[in-house]
Amino acid sequence: MDFDFIPISILLPASILIVMFSLETGYRLGCRSRRISKNEKESSVSAITGSVLGLLAFMLAFTFGIVSERFEARKALVREEANSIGTTYLRTDFLVEPDRTESRALLKEYVSDRLVTVEALRTGRMNAEQMAASLAKSGQTHKRLWEMALANARKDMNSDVGALYVESLNGLIDVHAMRVAVALQTRIPAGIWTALASLTFLGMVAVGYQMGIAGSKRSLVQPILAISFSVVIALIAELDRPQAGYIKVSQQPFVDLLNSMK
């Protein structure tokens, strides 16, 4: 489950409205319960409310920890992939012509395509079909580079120099697969989103109910509470989506690599 189709500019105010609705629902239920029965004590409601909010805080911290760790992993993989491509590009000197020239051209085009793909993904100009086509093209590039590497390796099976190029190319392919898995395929599970949404709703209802039981008027700080929780939820959603528009993984290592390719 993901909310990629909902822009953060819409998800944030929608979350605020839902939290405000939950608070109002709980407040009205609390006022109604206070009018009907005088037996329910505010202290017991406060204890339950605190427990639910504690669970909600735990879920928010747990979920934020998942997406923040994956965000750091995405940044590290960008650097690692750029280094791997750069090493492979340098080791194309071990190949004979015309494979050397073709390999360099393929790697340069590969880096350029990656930058174009990331930019299109960020701006929402790339759909699922275009992404599949881009990944397929990368796979074809890997296949062609591997074919040339094997052809050169077979000419001298005992060549340590050829083995170095094969090793770097194998690392390039592995890092690419890891980056695709972390950035595109690994997402927050639907069960966690469901639990987070449920606890947010129940926690805010409990807060509103406690206010109603206590007989207090609607507080002017309720919107602050709603905004605070909604901002955290929106931040989690932003870090979870690959086409994040506000918090971006820098592609500068790829830009520098492309500029260094001659």
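Modeller: The conversation below goes from the whole chain to two of its residues.

Colleague: What should I know before reading any values?
Modeller: This is a predicted model, in which local features need pLDDT of at least 70 and side-chain atom pairs count only at pLDDT 80 or more, while totals for chains, interfaces and linings use all residues. Residues are numbered from 1 along each chain as its sequence is written, and side-chain values use heavy atoms, with hydrogens and water left out.

Colleague: How many helices and strands are there in the chain?
Modeller: The chain has eight helices and zero strands. Helices (H or I, at least four residues) and strands (E, at least two) are DSSP runs, numbered from the N terminus.

Colleague: What radius of gyration does the chain have?
Modeller: The chain has 27 Å, whereas a compact globule of 262 residues would have a value near 18 Å. The radius is taken over C-alpha atoms, and the globule rule is 2.2 Å times the number of residues to the power 0.38. Along its principal axes, the C-alpha trace spans about 90 × 35 × 25 Å.

Colleague: And what share of the residues is buried?
Modeller: Buried residues account for 40% of the 262 in the chain. Buried means under 20% relative accessible area, exposed over 50%, and partly exposed in between, using a 1.4 Å probe and protein chains only.

Colleague: Let us turn to M131. Where is it found?
Modeller: M131 belongs to helix α4, which covers residues 128-155.

Colleague: Is M131 buried or exposed?
Modeller: M131 is buried, because its relative accessible area is 13%. Leaving aside neighbours within four places in sequence, M131 is in contact (heavy atoms within 4.5 Å) with T117, L121, M126 and L184.

Colleague: How far apart are M131 and A237?
Modeller: They are 106 residues apart in sequence and 21 Å apart in space, C-alpha to C-alpha.

Colleague: Changing topic, which helix holds T200?
Modeller: T200 lies in helix α6, residues 190-214. With a relative accessible area of 7%, T200 is buried.

Colleague: Which residues does T200 touch?
Modeller: Not counting residues up to four places away in sequence, T200 touches V19, L56 and I233.

Colleague: And what lies 2.7 Å from a polar atom of the T200 side chain?
Modeller: That is the backbone oxygen of L196.

Technical notes:
A polar contact is a pair of N or O atoms within 3.5 Å; within protein, one must be able to donate a hydrogen and the other to accept it, and residues adjacent in sequence count only if both atoms are side-chain atoms.
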